[in-house]
Amino acid sequence: MEFAKSHGVVVVLKGEEDIITDGNSLYRCTGGGNPRMTMGGTGDMLAGLISALMSKGMPALRASLLGTFINKSAADMCMERKGLWYSVSDMIGAVPEVFLRYSDGAKINSFRAH
């Protein structure tokens with residue numbers, strides 16, 4: 001939290017439980033994801049999602065929270081369909097469906113503020 005606060009940035013620590021902070025608030029994304037997300041490229045995808053959301057004007061903290069949710073949700077969709085042998089390309093292909101699934105205002109309850 002100190003680094004984020006002193007540098008005026010948002011920090012995302014990707015893992016089984018994603019941790020996101022802007023130095024003032026700390027969030028933990030505890031839902032979703034699976035062991036296959038340890039493959040190379042899932043962090044690159046997460047960075048791309050966050051950057052894309054920010055490029056559309058979304059604030060960095062919100063983009064980081066939403067990006068981590070989309071990343072894990074896409075991985076879970078791929079796991080349901082292909083088991084452990086999905087690729088990052090499969091995850092990228094699942095992103096539009098993640099948006100459609102949650103665009104009806106459904107609550108996203110995987111984050112806890114600390």
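# Chat about a predicted chain

Me: Which residue forms a salt bridge with Lys 82?
Reply: Asp 90 forms a salt bridge with Lys 82, and their closest N and O atoms are 3.0 Å apart. A salt bridge here is a side-chain nitrogen of Lys or Arg within 4 Å of a carboxyl oxygen of Asp or Glu. This is a predicted model, where local features need pLDDT of at least 70, side-chain atom pairs count only at pLDDT 80 or more, and totals for chains, interfaces and linings use all residues. Residues are numbered from 1 along each chain as its sequence is written, and side-chain values use heavy atoms, leaving out hydrogens and water.

Me: Are those two buried, exposed or partly exposed?
Reply: Asp 90 is partly exposed, with a relative accessible area of 23%. Lys 82 counts as partly exposed at 46% relative accessibility. Buried means under 20% relative accessible area, exposed means over 50%, and partly exposed lies in between (1.4 Å probe, protein chains only).

Me: How many salt bridges are there in the whole structure?
Reply: A search of the whole structure finds four. One of them joins Lys 72 and Asp 18, with the closest N and O atoms 3.7 Å apart. That pair links distant parts of the chain. Lys 72 is in helix α3, Asp 18 is in strand β2 (residues 18-21), and they are 54 residues apart. Helices (H or I, at least four residues) and strands (E, at least two) are DSSP runs, numbered from the N terminus.

Me: Lys 72 and Asp 18: buried or exposed?
Reply: Lys 72 counts as buried at 4% relative accessibility. Asp 18 is buried too, with a relative accessible area of 2%.

Me: What pairs with Arg 81?
Reply: Glu 97 does, with the closest N and O atoms 2.6 Å apart. Glu 97 lies in helix α4 (residues 88-102) and Arg 81 in helix α3, so the pair ties together parts that are 16 residues apart in sequence. Glu 97 is partly exposed, with a relative accessible area of 31%.

Me: Back to α3. How many residues does it have, and what should they span?
Reply: Helix α3 (residues 60-82) has 23 residues, which should span 33 Å at 1.5 Å a residue. The expected span is 1.5 Å times one less than the number of residues. The end C-alpha atoms are 32 Å apart, which agrees.

Me: What follows α3?
Reply: Gly 83 follows α3, and its phi is positive, near 70°.

Me: Where is Met 77, and what does it touch?
Reply: Met 77 is in helix α3. Met 77 counts as buried at 1% relative accessibility. Leaving aside residues up to four places away in sequence, Met 77 touches Ala 94, Glu 97, Val 98 and Arg 101. Contact means heavy atoms within 4.5 Å. Met 77 and Val 98 are 21 residues apart in sequence, and their C-alpha atoms are 8.3 Å apart.

Me: And Ser 64, buried or exposed?
Reply: Ser 64 counts as buried, at 3% relative accessibility. Ser 64 also lies in helix α3. Not counting residues up to four places away in sequence, Ser 64 touches Val 10, Val 12, Ile 20 and Ile 50.

Me: Which helix holds Ala 52?
Reply: Ala 52 is in helix α2 (residues 42-55). Ala 52 counts as partly exposed, at 41% relative accessibility. The C-alpha atoms of Ala 52 and Gly 67 are separated by 9.1 Å, with the residues 15 apart along the chain.

Me: Zoom out. What pattern does the chain follow?
Reply: Along the sequence, the pattern is α-β-β-β-α-α-α-β. There are four helices and four strands.

Me: What box do the C-alpha atoms fill?
Reply: Roughly 45 × 30 × 25 Å, taken along the principal axes.

Me: How much of the chain is buried?
Reply: Buried residues make up 33% of the 114 residues. Among contacts between residues at least 6 apart in sequence, 58% join residues at least 24 apart.

Me: Last topic. Which residues form the nonpolar surface patch?
Reply: Phe 3, Val 9 and Val 11 form the patch, with about 230 Å² of accessible area together. Patches are made of residues with over 30% relative accessible area and no salt bridge; like charges are joined within 9 Å, nonpolar side chains (Val, Leu, Ile, Met, Phe, Trp, Tyr) within 5 Å. Accessible areas come from the Shrake-Rupley method with a 1.4 Å probe, and for residues only the protein chains shown count as cover. Val 9 sits in the loop between α1 (2-7) and β1 (11-13).
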